[in-house]
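User: Please walk me through this one, starting with any term I need.

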Amino acid sequence: MSMYCFLPTPCKRLAGRAFVAWGRAPDSLAAGSWLLGLVLAVGIAGPLEAQPASRPKVDFQKDVAPILRRHCLSCHNKEEQKGELSMATPEDLLDGGYVVPGDVDSSAVFELLVAAPGEPRPAMPKTGKPLTQKEIDTLRRWVAAGAPWPKGMELTPLRGDANWWAYQPLWEGDPPQVPEAPPAWRKNPIDRFVYARLQAAGLKPSPPTDRRTWLRRVTYDLTGLPPTPEELDAFLNDRSPQAFEKVVDRLLASPAYGEHWGRHWLDVVRFGESNGFERNIIINTLWPYRDYVIASFNQDKPFNRFIIEQLAGDVLDPHNPKVAVGTAFLVCGPYDNVGNQDPVQAAIIRANTLDEIIRATGEAFLGTTMGCARCHEHKFDPIEQTDYYAWYATFAGVFHGEREIASPQQREARLQKLRPLWNEKGRLQRQRDQLVGRVLARAEKKRTSYEAAWTREPVSRYGTEERFPPVEARYVRLRVLGLDTNPAARTGFRIDEFEVWTAGPQSRNVALLSAGATAEGKSRAAEDFADAYTAQRAIDGDFGTRWIAAGPELVITLAQPQRIQRIVFSSDRPRALPPTHGYTTFVSEYVIEVSLDGKRWATVADSRSRRPVNQPHLRHRLLQAEMTAEERRQLEQLETRLAQVQRAIAAVPPLPRWWVGQMRSAPGPFHVFAGGDPQKKADPVVPRSIAVLERTAGKYQLDAKAPEGQRRLALARWIASDRNALTLRVLANRVWHYHFGRGIVATPSDFGMMGARPTHPKLLDWLAGQLRKSGWRLKPLHRMIVLSQTYRQSSAYRPEAARVDGTTELLWRFPPRRLTAEEIRDTMLSVAGVLDRRMGGPGFRLYRYLQDNVATYVPLDRPGPETYRRAVYHQNARAARVDVLSDFDAPDPAFACPRRAQTTSPLQALTMMNHQFVLDVAEHWAGRLRREAGQGPEAQARRAFLLLFAREPDREELQRSAELIRRYGLRAFCRALFNSNEMIYLD
């Protein structure tokens, strides 16, 4: 937290001005467009300054209120006061003091509304488009006039309605005619749209880039890998009219296409292979969904079918694993599996889980922030609470977890192997039960005589004491013969303290670490905390820790021989847990022995005279006491044979169990939760379509008792309908976004009021229409985009164009971009010749996974060749930092990532220079260069440039590269190229 938030109000004004000098806003008020709201404080107190006569009077309702609603009220309203600031009424701003009344020049707020020199945008507003100069001038005049505000007027944020652009039917007109455009720009309809928009802004497109640059661009764009020298040579020498088309068709047919574009989709759907939250346990059976996504892109599966499979594949084709796996989309996000015994808290956790699914579905497919309607009507978009809870009813039966996924043929084949084994197991169990039954029947008749020998209290987890005649000992051994949870087991029990007390009037516990004693015994391993459960915990004097036994013995070595006569041990001395809790499992049968030399042992106590602790223990006691030698032999034979059959059953491969969700009946009724509180049920709801879209996308409504799967299928079909223009727009925009680095709508998962407006609205609708005409297939759209003149433009910077369009959103050039983290890593492995192109299956890990109560992910210092696969196959866990990938902004899947961040940090340079992975791959690359280019430094440099940059070095580069190789070696040269801008930037 910044110290700024602790300053008194007058100091905040000065601090805010000071922060301007550093080009950023105060931390405590950085969210949203707070600065505009501060302007309102001007007119609340102090003298008013008359406006110059030459300027028209500012009308608050007509001129000022629309600006505030458009830029400020979204974050600073009555219910959401970011930066502790509301702008709803003038009274809310009484303690503002951020501007000087009537003195615009002294009002620091305006300094943040204009971009500082060298900055791409002003500090405020944080999101959305900056204010225009006309809007800033209006606010200046309003402040100068004393910021008058009509009495009693309360401002509320803008809220969309059915007329919002994203909710309209697709525009179906023809692409514009651009006779002034160069002939090449008149052929592809995409180019005509883009050229017309540039022309309207007074701009011209850039000339085409060279063939080498285009090939590198399109190869990365479609596959995420660099072109090979052979592919470069073939393209440069192909002068046929179809040369570009042949390259694109080859790339779209490559399996690498699905790996690369599948990675994009995994970003959108928050795919992560651990559950997140505080436990963050790894999920090892979610990888089939990743493979399904990759295969779907490679097959060019119609995207409407892809959508339906992800929401209801188990209903659409329940016996086809390749379809049913799609529902992993619903459960591949984070969820809280800690549990809570409080039913109120458990209901909130469940509501949070469904909220995550609802948000992911709305944002991924409809670009709609459904989650904003959980507690109240959506503040900005026409999404009602009833819309949100209609989806709540739709997904109410979805639970996180694994489910058996197999075809009928797979199930029958497995049953054929298991049936004879199950029959044999049943026969042996019946024989064993008959034998045991006969023995117990005899024992029951003698039960009174047996019980006469059990005179002492049963063992107790809260404290079990043994007294015996004083004996000299240095070693004390506990041998466990049974547990209170399973009298036949001998390991898995807990001991919080094992006390050995001396004889005499001043008795003391000598079995303490602090007294010099030690303890030995096999223990449960906890790699993330090596000493968590060791035997030393049994003598540390702390009842809050426990030894968890992995063997049947505990041996205590005293500091020196002692005369002892009492032993007390327990698993829950403070009585913190119920007596049958699994965490305090205790012994039921035991022997305690002592020794002076650790070799010769004498028994001083045992549990034979104690009463059984429970019914299973009693049964075990009677059986052991009554069984004859012959019966024992027969029972051992049966148990041996049963164990053999059980091993044979275990050897039959199980049917796949994948993390695709567990679908359970959820019959309702369902209600709106007032304020999002599950305890406050309001109006009833049923599964149905979103009301505002029904005019264009159609309508459906189901009964509250409709089967769980049918609810999801109905929603899926409605989202994926040809009539649903919003779905098509969102999809077309995502494709455009990944080709150009920015969507036609810059907020790919938010097409609402708080999202960006489309820069080319008719082009977006035309692209969406083309998707629909092509049967929702993406590859034809890819082909049209990458073969356009818009895509072929040079990325060279033109100052005069940048002054008009500094963010290149109008596409007067191809926007240069940095490679993603996955592309950087895959490129290094690819050019080094060690990239493992094996597809599918369980992923690799760039961390060491440690798990006990919580999970720990330790980055590998030296990843081995087993990790040299494409990065899409990495088992991405949440909140697990991974070297190289995390350094270059690979997103944490705790949230969906429709747009990747792009940062520049010293850690990136340090990683690329010094990380062991880089050093190892550089060595591999050096070996490849020696094999392919021989020992000559010039030939090695030429080959390296072709592999990494898809070009020959110029004369100076060749000379300096050869000199570097001679002086420092080939590996150093490879490291240097890995650290070049040209390696990680396209164009």
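Analyst: Helices are DSSP runs of H or I with at least four residues, and strands are runs of E with at least two, numbered from the N terminus. This is a predicted model, where local features need pLDDT of at least 70, side-chain atom pairs count only at pLDDT 80 or more, and totals for chains, interfaces and linings use all residues. Residues are numbered from 1 along each chain as its sequence is written, and side-chain values use heavy atoms, with hydrogens and water left out.

User: New topic. How many residues has the largest nonpolar core?

Analyst: That core has 182 residues (a set of buried Ala, Val, Leu, Ile, Met, Phe, Trp, Tyr and Cys joined through side-chain atoms within 4.5 Å). W265 is one of those with the most contacts inside it. Helix 22 (residues 725-740) gives the most to this core, with 10 residues.

User: What does W265 touch, leaving aside its neighbours within four places in sequence?

Analyst: Its contacts (heavy atoms within 4.5 Å) include Y289, F297, F365 and R734.

User: Which residues of helix 22 does helix 9 meet?

Analyst: W261, H264, W265 and V268 in helix 9 meet R734, V735, Y738 and H739 in helix 22.

Notes
Buried means under 20% relative accessible area, exposed over 50%, partly exposed in between (1.4 Å probe, protein chains only).
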